[in-house]
Structures are given as structure tokens and as C-alpha cells.
Amino acid sequence: MESALPAAGFLYWVGAGTVAYLALRISYSLFMAFRMWGLGHEAEVGPELGEWAVVTGSTDGIGKSYANELAKRGMKIVLISRSQDKLNQVSSEIREKFKVETRTIAVDFTLEDIYDKIKVGLAGLQIGVLVNNVGQSYQYPEYFLDIPDLDNFVKNLININVLSVCQMTRLVLPGMIERSKGVIVNLSSASGMFPVPLLTIYSACKAFVDFFSQCLHEEYKSKGIFVQSVLPFYVATNMAKIRTPKLHIPSAGSFVKAAMKTLCLESRTNGYLVHSLLAFIISILPSWLQFATFMNLNKSLRARYLKRTKKN
Ligand SMILES: NC(=O)c1ccc[n+]([C@@H]2O[C@H](COP(=O)([O-])OP(=O)(O)OC[C@H]3O[C@@H](n4cnc5c(N)ncnc54)[C@H](OP(=O)(O)O)[C@@H]3O)[C@@H](O)[C@H]2O)c1
């Protein structure tokens with residue numbers, strides 16, 4: 001009976017300490033959210049970092065919006081994507097609208113032998129910002145062994161989502177380190193934050209991008225380099241096959257405007273307030289429920305896709 005009293009005192013302090021710690025963490029998160037989205041913080045990202053910004057997958061969706069936002073801040077833009085026609089069009093739009101110089105490099109990031117061409121295209125440029133945006137997901141959610149043309153699919157997805165991030169970083173980072181400044185933005189995904197069955201290879205590739213970014217940030221932050229991992233949920237783009245934006249599915253433009261506010265403040269971000277809230281809610285669910293939710297959602301998307309394609 002007597003020995004229960006000190007134990008109760010100990011438990012009281014453990015409980016009080018835990019509550020105080022959680023209160024501090026929540027207050028800090030709320031303060032940061034208010035600073036970024038409430039006060040309209042604008043990252044100091046512009047030509048002071050280096051006059052050029054390089055954006056991969058920059059002719060559509062999120063990449064095109066990053067190219068526009070960076071040009072708006074006075075940076076010259078190197079656009080790298082697959083189709084030269086789309087590159088020419090986006091390039092002239094940016095030149096006309098923001099009066100900045102642009103360059104284009106047409107390559108297919110599912111291939112491995114493109115980096116010498118990119119190296120030549122970037123030679124001699126002072127690059128302040130690199131946005132590793134290019135990426136590819138599944139046509140529809142599918143069980144690993146049932147993915148059509150599995151061998152090529154695996155190779156393509158790893159090349160475009162993983163190899164591109166490593167190789168582009170290898171090309172651009174040395175110049176940034178020489179000048180002791182630079183920002184690298186890597187587009188991961190919420191499916192790199194939580195394992196998503198039926199999108200297994202994509203989810204694993206995006207987890208790679210997230211870990212790569214976090215580790216690289218730790219390695220080089222003391223040298224003046226800021227590396228950011230961006231982990232969005234759905235954004236209304238061609239890849240997501242969603243045209244109409246909603247509160248929880250922003251347009252690429254709204255998403256990137258919000259994500260730009262987190263630059264140089266958060267090295268790991270969902271980029272958009274509603275997505276941060278979603279991530280918080282999912283992260284407190286038990287993992288069996290997270291898996292069940294994603295699995296069931298993707299099973300129904302898969303069934304719907306297969307039904308539709310059978311009909312046609
Ligand atoms: N949208 C989402 O819901 C979402 C959510 C989480 C993460 N993300 C990530 O955000 C990034 C951008 O996605 P997004 O939705 O903006 O995509 P998107 O609208 O489909 O745009 C993709 C861009 O990449 C280019 N591209 C595609 N395949 C290419 C290839 N093989 N070689 C070179 N360029 C290629 C496209 O150019 P062409 O038009 O010439 O093909 C286009 O400019 C990706 O890394 C994606 O994983 C997106």
C-alpha cells in the first residue's frame with residue numbers, strides 16, 4: 001500500500017510531462033502553420049540563389065506551376081520534359097508573361113542514357129533552384145504480378161521517379177556547393193509517406209524520394225543547401241486524372257502557390273494546409289486501418305477502371 005504512493009507520483013509526472021510535450025509540439029505546429037499559411041510567408045527564393053531554376057516535367061501540372069512561380073520571382077528557367085512541341089509552347093508563354101530567359105531540353109526520363117545531354121544543356125549555368133518534379137504513377141491500381149508488361153513497367157517507374165532525382169541532383173549540386181547556396185525541391189507523394197497497396201512500386205519509389213531528400217538535407221544544410229521533400233495528396237492534374245479542383249484536391253497552381261510558402265521553412269512538407277491535416281489524421285490511425293483504407297479505395301478504383309475498359 002505504502003509503495004503505491006511513490007509509483008503514483010512517478011506516473012503523475014510522466015503523464016504531466018507527456019501532456020506538456022504534446023502541447024508544445026501542437027503549439028509549435030500551429031505556430032508554423034500560421035506563419036506559413038496565415039501570415040502569407042514568402043520564401044526568399046529568387047535569382048539571389050543563382051540566376052537559373054531547372055524544373056523537370058515542366059510542361060504540365062505541378063512542374064509547369066513551379067516553373068511559372070519561379071519565373072514570377074525573376075528566375076530564368078530551364079524546362080526539361082519529353083515533348084519538344086509542349087516545351088516550345090510553355091517556354092514562350094513564360095518568356096512573354098515574365099520577361100525572363102528560358103531554355104528547353106527534350107528527354108524521356110524513363111530512359112537511362114539522357115544525362116549527358118542534360119549535362120551539356122546545363123553547362124555554364126548558375127543554378128539556384130532545382131525542382132525534381134517529373135514522375136509517373138500507374139495507369140490504374142493493380143496487383144504487382146498482374147501489371148501489364150511488368151518488366152518494362154518496373155524499369156520505367158524506377159528510372160523516372162528515382163533515377164531522375166539522383167542523377168539531376170548529381171549534375172546540379174556541385175555548382176550549388178561551390179557557391180554555398182541553393183534549393184532542391186523533390187516531389188515525393190503522400191503515398192511515399194504511407195504505404196499504398198496496389199500502387200506498390202510507385203509508393204516505394206516515392207518513399208525513396210522522401211528518404212533521399214531528408215538525408216541529403218542533413219548532409220548539405222551546413223553548406224547552404226536547402227533540400228525539401230514535398231508529399232502531396234491528390235492534386236488536379238493529368239496524372240491524377242482529376243480535372244475539377246476541390247477543397248482537398250487543389251489545382252496545380254493553388255498547390256504550388258501554397259507549397260512555395262513552405263520553402264526554406266520546412267524540409268518535409270505536404271505543401272498544402274488541407275493535405276497537412278489529412279496526413280495528421282491518417283498518421284494517428286492504427287496501421288491496419290491505414291492499410292485497409294488504402295487497399296479498399298484502390299480495389300474499388302481498380303474494379304471501376306477494369307469495368308470501364310472491358311465495356312469499350
Ligand atoms: N497529381 C497528383 O495528384 C500528385 C500527387 C502526389 C505527387 N505527385 C507528384 O508530382 C509530380 C508531378 O505530377 P503531375 O500530377 O503534375 O504530373 P502531370 O500533370 O502528368 O505532368 C507530368 C509532367 O512530366 C512530363 N513527363 C511525363 N513523363 C515524362 C517522361 N517520360 N519524360 C519526360 N517528361 C515526362 C510531362 O510532359 P509531357 O506532357 O510531354 O509528357 C509533364 O510535363 C510527380 O512526381 C508526381 O508523382 C502528383
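Tutor: A nonpolar core is a set of buried Ala, Val, Leu, Ile, Met, Phe, Trp, Tyr and Cys residues joined through C-beta atoms within 7 Å; buried means that 20 or more other C-beta atoms, placed from the backbone, lie within 10 Å of a residue's own. This is a predicted model, where local features need pLDDT of at least 70, side-chain atom pairs count only at pLDDT 80 or more, and totals for chains, interfaces and linings use all residues. Residues are numbered from 1 along each chain as its sequence is written.

Student: Which residues have the most contacts inside the largest nonpolar core?

Tutor: They are A53, V54, V55, A67, I77 and V129, in a core of 64 residues. Helix α5 (residues 150–178; a DSSP run of H or I, at least four residues) gives the most to this core, with 7 residues.

Student: What makes G63 a contact of V55?

Tutor: Contact requires C-beta atoms, placed from the backbone, within 7 Å. V55 touches G63, and also Y66, A67, I77, L79, I80, V131 and N133, not counting residues up to four places away in sequence.

Student: How do you know that β2 and β3 pair?

Tutor: Pairing needs at least two bridges found by DSSP. Strand β2 (residues 76–81; a DSSP run of E, at least two residues) and β3 share 5 bridges in the parallel sense, so they count as paired.

Student: Why are β3 and β7 called edge strands?

Tutor: The open sheet runs β3-β2-β1-β4-β5-β6-β7. Each of β3 (102–106) and β7 (268–269) has a single partner strand, so one side of each has no neighbour in the sheet.

Methods. A residue is buried if 20 or more other C-beta atoms lie within 10 Å of its own, exposed if 12 or fewer, and partly exposed in between; C-beta atoms are placed from the backbone. Two residues are in contact if their C-beta atoms, placed from the backbone, lie within 7 Å.
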